[in-house]
Amino acid sequence: MPTNVATPERDLSWHDGAGRARIDVWTLGTIALAAVIMVPLVSVVVMALSPSERIWSHLVDTVLWQYVRVTLTLMIGVGIGVTVIGAGTAWLVTMCRFPGRRIFNWAMLLPLAVPAYVLAFVVTDQLEYAGSVQTALRALFGWQSRQDYWFPEVRSLGSAIVVMTLVLYPYVYLLARAAFLEQSVCVIEVSLTLGRGPWRSFFHVALPLARPAIVVGVTLALMETVNDFGTVDFFAVNTFTAGIYDVWLNMNSRAGAAQLATVLLLFVLALIGAERWGRRGQRFHHTTTKYRDLPRYQLRGGRAALAFLACLLPLALGFILPATVLAGYALDFYEETLSRDFAVHALNSLTLSTVSAAIAVAAGVFMAYGVRLSGGSMIRSVTRLASVGYAIPGAVLAIGIVFPLGLFDNAVDGLSRTLFGVPTGLLLSGTIAGLVYGYLARFLALSYGTMESSLGKITPSMDGAARTLGHTPGGTLRRVHFPLMRGSLLTAALLVFVDCMKELPLTLILRPFNYDTLATFVYQYASDELLEESALGALSIVGAGILPVIMLSVTVARSRPGRVDNDAGIAA
Amino acid sequence: MTKSLFQKTGTLAAFGILALSGLAPLSGAVAAEEVNLYSYRQPFLIDPVLERFTAKTGIKVNSVYVKKGMLEKIKAAGANNPADAVLTVDVGRLDELRAADVFDPVQSDILNANIPAHLRHPDGLWFALTTRARVALVSKDRVKPGELTSIADLADPKFKGRICVRSGKHGYNIALIASVIAHDGEAAAEKWLRGLKANLARKPQGNDRAQAKAIYEGICDVAISNTYYMGLMMTNDKKPEQKQWAAAVRLTYLDQDNGRGQHVNVSGAGVLKGAKHRAQAIKLLEFLSSDEAQRIYAEHNHEYPVKPGVPFSKLVQSWGSFKIDTLSVQEIAKYRPAASMLVDKVRFNDGPNS
Amino acid sequence: MSGLTVRNLSHQFDGIPVVRDVSFAAGAGEVVCLLGPSGCGKTTLLRVAAGLEKLQQGQVLIDDTVVADAARGLYLPPEKRGIGLMFQDYALFPHLTVRENIQFGVGAATAERRGWIERALEMMDLTSYAGSFPHTLSGGQQQRVALLRALAPNPRALFLDEPFSGLDVTRRAQVRQQTLDVLKNAGVATLMVTHDPEEAMFMADRILVMNMGRVVQDGTPVETYFEPADAFVAGFFGPINRMAGQVAGGRVKTSLGTFTAGGLSDGTRVDVLIRPEGLRLAPSEGGPETPAFEVISARPLGAASVVSLAVPHTNGTRLSVEARVPGVFLPEPGSRVVVTVNEGDVHVFEAS
């Protein structure tokens with residue numbers, strides 16, 4: 001403002017410093033954060049540089065192509081599954097009216113809280129010979145034994161695809177629904193007036209416009225698919241990740257495992273790169289500030305029933321079934337498993353997940369905004385690279401964390417001993433801080449991806465307007481972007497929270513002594529396929545995820561810009 | 001609204017960090033009587049024994065259940081490694097830790113007296129605490145006594161389509177296959193594994209109990225399992241269906257009489273280099289090899305005590321005595337990578353129809 | 001001088017020059033329009049001057065203070081420049097009410113600024129909408145909110161990017177007048193980007209006509225219209241009749257008459273440009289002394305009429321020439337009219 005302008009000279013020198021420093025805080029901060037988060041990845045790549053002797057020739061001669069084929073099939077299957085279910089149901093609940101829509105609106109997210117291996121247990125439990133399905137079939141047809149009929153192999157690639165689709169589709173649902181809600185209704189109406197019906201408008205306008213969000217969701221789901229070990233191990237499916245663990249633990253070759261993990265990483269990067277290239281030049285900012293209530297198609301009769309079923313089925317299989325089965329087992333077995341420490345485990349899980357979610361979201365926002373401010377493609381690539389830790393199998397990433405943490409701790413310890421004669425011991429290794437760092441390295445993709453896509457939807461004019469009105473980049477973020485991204489911020493926080501609640505391999509390896517979470521508590525039983533004993537803990541994980549899921553859903557529905565819509569959330 | 005969200009996040013994070021720092025253990029603080037333990041054993045199995053140890057000695061046991069990555073965790077911490085001792089369930093892991101040179105030799109008269117020489121490392125790097133036999137469970141109805149007596153029989157075409165087993169990559173099966181390689185050489189082992197694969201009734205899957213269940217359900221006639229699972233099923237009051245599974249099978253020790261003896265695996269422990277609580281760690285190991293602890297293993301988990309004179313559980317006794325394969329477990333452990341590669345080579349885990 | 005000064009500003013994207021060596025100044029209370037076709041670099045110039053793009057070459061001063069100087073690596077971020085910017089899409093914050101939007105840049109509002117905001121809302125007929133959210137307003141109202149938001153912090157320079165393009169034609173005239181009143185009242189140096197010459201002439205004290213990154217003319221609206229610097233400028237202000245010719249004896253001969261060549265040397269090939277309103281038409285009385293031309297079509301525009309004529313060209317072809325005459329003048333197609341040309345409306349440039 002003119003009032004604070006003194007002599008040009010003084011003004012100028014002051015500007016010079018402040019002007020440059022301000023840019024650098026965000027850029028340097030983003031690069032520094034990305035570098036810190038990338039350390040485990042670099043560490044894995046460094047491990048991969050050691051020779052692995054005959055591992056590769058062995059793999060190439062035997063199972064490598066099977067790993068590749070199975071992993072690709074799994075990815076394609078899950079990719080299609082989560083896209084169809086996630087985007088399809090998101091469209092139904094945002095754009096149509098049918099019985100149960102308001103409940104489905106938030107309930108569709110619930111399978112997110114179910115760990116995949118738990119659903120795998122439950123599904124197998126129900127489908128195998130002694131399970132309810134085959135028992136019922138035998139009773140129905142009078143079959144006596146296994147030899148009397150054919151039943152598909154339960155522990156198979158197909159089952160793995162189905163189970164992972166059911167617990168991972170909420171990623172796509174969540175992001176797609178937010179995208180549909182944020183879409184200007186005008187573009188849909190334009191499409192309708194151009195003679196395209198609701199279905200064709202969905203495929204030709206709404207879906208392509210929501211593509212960045214859907215891609216983020218599918219990418220997250222696929223990264224989780226490739227890093228999974230528990231589910232594929234249970235279903236006896238030989239994926240790349242199963243191979244990584246085999247090479248590491250059975251063939252005693254850490255370098256070989258790191259090499260396989262690096263290949264996996266490069267593959268995921270190539271995939272992400274290909275998708276970005278595929279939509280180069282397209283822009284997805286909102287093109288108008290005019291928002292109105294979404295017109296909802298009223299579905300009746302058969303169509304309403306179909307929409308109802310389309311939503312009910314994934315929900316029933318992905319949540320109601322496992323929750324019910326777990327609740328039954330938990331009731332039967334709580335005496336054996338409800339130890340006096342159970343509340344402590346639960347508290348540990350909740351605190352750890354909350355703090356990690358807050359930190360991951362803060363880091364995600366900072367980096368996504370830093371990239372937006374600098375606009376450079378270099379920095380964009382660096383941050384994206386930092387967020388692919390999610391695709392690496394958890395235990396391998398943990399090893400990538402353990403070594404640098406140990407190096408750091410011992411270096412600090414050595415320095416402190418020489419300088420002050422005081423040992424510092426392990427500052428980060430085997431501490432909660434180290435564990436939170438691990439979660440950040442693993443789950444940054446969840447928060448960064450969500451933030452990046454959310455920021456991308458805000459037109460740069462908003463930044464320009466706020467900046468020219470005297471707000472710094474930080475002030476602009478706080479006063480303009482945060483309120484506009486409120487739903488996405490909470491989405492990111494929820495995703496990280498729920499994933500931290502479920503997280504296992506990192507937690508097992510990085511946690512301190514005498515420190516259990518619900519997930520590690522469940523694992524001691526789950527590792528031996530003791531479904532009943534693990535039920536109480538698993539149910540608690542699911543339960544802890546439900547409340548934030550519902551809260552989030554209400555918030556997201558309300559966060560539509562210029563919303564006058566009062567029936568989008570369950571609260572209304 | 002906008003401000004409050006921002007502040008809330010900040011406050012929440014600050015609060016959480018405070019809460020966490022309160023919960024975080026004081027690393028580096030050395031209490032006089034405690035011992036830090038890395039364990040491959042599930043807490044619900046090992047905690048009762050550890051609690052007895054604390055009650056008896058006043059030494060607190062800080063434990064953490066780690067499976068994958070334990071060695072890496074130890075190595076990364078270097079001189080500051082906080083763990084004093086390691087507990088494993090499989091000789092493979094013991095040998096891996098030994099090979100990585102993280103064990104410190106222990107000379108203890110008590111341990112040497114309690115544990116027979118062939119069940120501990122000659123230099124005291126590790127000590128077996130229980131042995132566990134990997135046996136055949138056969139259908140009481142469909143397999144006659146004497147029809148299957150050896151590991152080699154598992155590859156006999158007369159069992160085509162009749163055998164169930166968990167993943168060939170599971171540590172217990174890797175150890176079993178490694179023992180075949182150790183005895184018969186790689187070529188013979190490959191032939192045998194191909195024969196076994198051809199005899200499978202289904203793709204390898206599930207845990208050991210699931211194989212007994214499959215026999216009960218008529219899916220197969222022969223299963224490979226560790227003995228204690230049989231004990232756990234027979235005594236499972238909470239899940240009576242498991243008693244039915246166990247009732248359908250007969251436990252059969254392999255390679256008896258003129259054979260090389262039953263293949264066994266061991267669970268064991270060792271003290272780590274640079275242990276800050278070395279004396280306490282040795283005390284813990286000594287306790288684990290004592291009559292009291294050995295009896296808990298025997299009674300609760302139906303494993304075989306290593307200490308001579310400690311009785312098997314009644315149930316285990318009812319299965320009769322058996323001759324043990326005398327080839328040292330450490331020798332067998334050397335062939336684990338080869339065993340794992342063999343599983344890949346014959347595509348064992350793809351099941352019979354591949 | 002106070003206001004906005006830009007010196008020798010050049011800018012490029014990925015090595016492609018977009019703005020080339022532009023200098024100008026806008027004093028306090030002065031409205032300067034950047035006028036040019038799409039892609040001429042006018043919006044880039046505005047964004048660089050405002051600080052939304054980092055300056056690559058040249059200097060920007062606001063109220064005599066250097067805010068950006070490429071030579072010294074000085075770059076003051078936009079929020080430190082004390083400027084206002086209004087976007088083509090208004091960029092109103094959808095989560096804030098009209099009043100909150102306007103107050104956004106004011107910070108701890110003084111009583112004086114609060115009073116200004118209330119008066120401004122009043123003046124713009126927005127008082128009753130102060131508590132509404134932007135999406136409930138009409139386009140014209142949104143435009144006014146965006147303008148007030150940019151002016152509320154009392155900026156030293158104001159940037160307007162196509163401020164009226166989102167409005168319908170009938171609303172535009174009214175909003176323009178209102179905007180001009182507000183700007184003059186605020187006494188702020190204003191740089192406005194537009195591609196509409198009529199809008200530029202209405203709003204501007206000075207017009208900078210840009211083409212391919214360069215300023216091709218800097219002058220008052222009257223100067224740029226009546227004394228265009230080149231054929232591009234002349235042509236940019238609306239439809240124009242264009243004829244080729246050659247200078248002979250200091251004059252150029254065309255089918256519509258012979259005109260002064262404006263000092264161009266003999267033999268020079270030239271373009272002769274005549275605005276449609278420079279032609280006066282009268283019904284032909286059949287006399288041989290003045291040439292008459294055939295009417296192709298005649299259309300009324302209300303205040304004026306547009307008549308197309310077929311004019312024989314030098315090489316025997318026929319040229320379509322357009323005349324715009326005041327009032328209603330609608331000769332029958334096929335009839336003939338006599339044309340006289342106002343010499344002041346004729347522009348002769350060396351052929352490009």
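Reader: What are α6(B) and α15(B) to each other, roughly parallel or roughly perpendicular?

Author: The angle between α6 (residues 171–184) and α15 (residues 336–345) of chain B is about 105°, and α6(B) and α15(B) are therefore roughly perpendicular to each other. By convention, angles under 35 degrees count as roughly parallel, over 145 as roughly antiparallel, 65 to 115 as roughly perpendicular and the rest as oblique. This is a predicted model: local features need pLDDT of at least 70, side-chain atom pairs count only at pLDDT 80 or more, and totals for chains, interfaces and linings use all residues. Residues are numbered from 1 along each chain as its sequence is written, while chains are lettered from A and ligands numbered from 1 in the order in which they are written.

Reader: What is the distance between those axes?

Author: The axes of α6(B) and α15(B) are 8 Å apart. Axes are lines fitted to C-alpha atoms, for helices over the stretch in contact, and angles run from 0 to 180 degrees between N-to-C directions.

Reader: Which residues of α6(B) meet α15(B)?

Author: B:Ile174, B:Ala175, B:Ile177, B:Ala178 and B:Ile181 do, and their partners in α15(B) include B:Leu342 and B:Val343. The residues of this contact (C-beta atoms, placed from the backbone, within 7 Å) divide into nine nonpolar, one polar and one charged. Ala, Val, Leu, Ile, Met, Phe, Trp, Tyr, Cys and Pro count as nonpolar, Asp, Glu, Lys and Arg as charged, and the others, Gly among them, as polar.

Reader: OK, α8(B). How many of its residues are buried?

Author: Eight of the nine residues in α8(B), 208–216, are buried. Buried takes 20 or more other C-beta atoms within 10 Å of a residue's own, exposed 12 or fewer, partly exposed in between, with C-beta atoms placed from the backbone.

Reader: What do the buried residues of α8(B) pack against?

Author: Among the elements are β4 (127–139), α9 (227–234) and α10 (240–247) of chain B. Just after α8(B), B:Gly218 has a positive phi of about 85°.

Reader: Switching to chain C. How many helices and strands?

Author: Chain C has eight helices and 21 strands. Helices (H or I, at least four residues) and strands (E, at least two) are DSSP runs, numbered from the N terminus. Of the 352 residues of chain C, 44% are buried.

Reader: What is the strand order in the open sheet of five strands?

Author: β16-β20-β17-β18-β19 of chain C, with antiparallel pairing. Strands pair if DSSP finds at least two bridges between them. The edge strands are β16 (279–283) and β19 (318–326).

Reader: Where does C:Ala292 stand?

Author: C:Ala292 is opposite C:Val338 in β20(C). Strands β17 and β20 of chain C pair over three bridges.

Key
Contact = placed C-beta atoms within 7 Å.
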